[in-house]
Amino acid sequence: MIRQRYANSLTHDGSNSVELEDQTLDVPGLSEFRIADLPDEVLPPRDAKETLFSCMLGQIGHTIPKVDTLVMNFYQELYPEPLLNDLKSKFSNVLNVGFISLSLPPPSLPPSTEDVTGCLSWLDGQKAKSVAFISFGTVVNIPQSEIEELAEALETRRTPFIWALRGGMSYCLPSGFLDRASTHGKVVPWAPQIQTGVLKSLDLILEREQGRGIRSRVQDLKELVLKASAPGGRASADLKTLVEKITSV
């Protein structure tokens, strides 16, 4: 539906398609949002071949209407109510089984002295709630220009940070960044926002009252997820229903 509405939002001038950057989409259950803010993988490509991830999303979109049960790697308690109601109106069974790739509650951290990365012992010497943690996961590819801008913003502000950087991405960092940042940050390798925007975001989250409110709401969400994952929680019940459905086939 998003792809179809996106296609309808294009204007055509001869053989060229012009994207309306300020065009918005209204999707049932979601707030109105700008096309320009959508991830590239969600939209049908016009000038390049589809990526594997984009192709998979497209195929899922065609398959979902035919399914009996929709299984989500998510928690029902985290949905906006209009979106949850819209999903339930379209599917007879919506099972939110939680983040099945995570152990909840999370295992205890090892003693600082046993952490081979040195991050925990370094964190012991930092002020509470003063360190920025940066991670983009293992799926999304961040352009080199954006990695450089983020690195420059961290250097400019001298924000204490831990950056979990996917293996092989260190070459994107500005020359000498690792050495210069060693006094106030840790980059941990494992297998477009402009710099001023990054600085404003760091200042908002780490220093301002609004940032303290955001961190407080994140803590509330954490407690909600832990409750949903516990025995008797909604995610646990949905996972049990899923197992029963699979084993009864």
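Tyr-79 is buried in this predicted model, with a relative accessibility of 11%, which is under the 20% limit for that class. Its ring pairs with that of Phe-74: the centres lie 5.0 Å apart and the planes meet at 80°, so the pair is edge-to-face. The protein chain has 249 residues, with 9 helices and 9 strands.

**Aromatic pairs**

- The structure contains 5 aromatic pairs.
- Phe-74, the partner of Tyr-79 in the edge-to-face pair, has a relative accessibility of 28% and therefore counts as partly exposed, a class that lies between 20% and 50%.
- The angle of 80° between the ring planes of Phe-74 and Tyr-79 is over the 60 degrees required for edge-to-face.
- Ring pairs join Phe-74, Tyr-75, Tyr-79 and Phe-99 into a cluster.
- Phe-161 and Phe-177 form a stacked pair, because their ring planes are at 25°, under the 30 degrees that sets this class, and their centres are 6.1 Å apart, within the 6.5 Å limit.
- Phe-161 and Phe-177 are both buried.

**Largest pocket**

- The largest pocket holds about 1300 Å³ of space.
- Its lining is made of 23 residues, and those closest to the centre are Ile-2, Leu-57, Ile-60, Gly-61 and Ile-64.
- At least two lining residues come from each of helix H1 (2-8), helix H2 (52-63), strand S5 (69-72) and helix H3 (81-90).
- Helix H2 makes the biggest contribution to this lining, with 5 residues.
- By residue class, the pocket lining consists of 17 nonpolar, 3 polar and 3 charged residues.

**Largest cavity**

- The largest cavity has a volume of about 90 Å³.
- Among the 10 residues that line the cavity, Phe-136, Gly-137, Ile-142, Leu-165 and Arg-166 are the closest to its centre.
- The cavity lining divides into 8 nonpolar residues, 1 polar and 1 charged.

**Cysteines**

- What does a search of the whole structure find in the way of disulfides? The count is 0.
- A disulfide is a covalent bond that joins the sulfur atoms of two cysteines.
- Cys-55 has a relative accessible area of 29%, so this residue is partly exposed, between the limits of 20% and 50%.
- Cys-119 has a relative accessible area of 8%, which is under 20%, and is therefore buried.
- Cys-55 sits in helix H2, the helix that gives the most to the lining of the largest pocket.
- Between the C-alpha atoms of Cys-55 and Glu-41 the separation is 8.2 Å, while the two residues are 14 residues apart along the chain.

**Whole chain**

- Buried residues account for 28% of the 249 in the protein chain.
- The chain exposes about 16600 Å², and 56% of this area is supplied by carbon and sulfur atoms.

Note on methods
Residues numbered from 1 in each chain as written. Predicted model: local features only at pLDDT ≥ 70, side-chain atom pairs only at ≥ 80, totals over all residues. Heavy atoms only, no water. 1 Å grid on protein atoms, 1.4 Å probe; cavity = no way out; pocket = protein on both sides within 12 Å on 5 of 7 lines; lining within 4 Å. Points joined across faces, edges and corners; volume = space filled by probe spheres on them. Helix = DSSP H or I, 4+ residues; strand = E, 2+ residues; numbered from the N terminus. Nonpolar A, V, L, I, M, F, W, Y, C, P; charged D, E, K, R; others polar. Disulfide = S-S within 2.5 Å. Buried < 20%, exposed > 50% of the residue type's maximum accessible area, 1.4 Å probe, protein only. Phe/Tyr/Trp six-rings, centres within 6.5 Å; stacked < 30°, edge-to-face > 60°. Areas by Shrake-Rupley, 256 points an atom, 1.4 Å probe, with all protein chains shown as cover.
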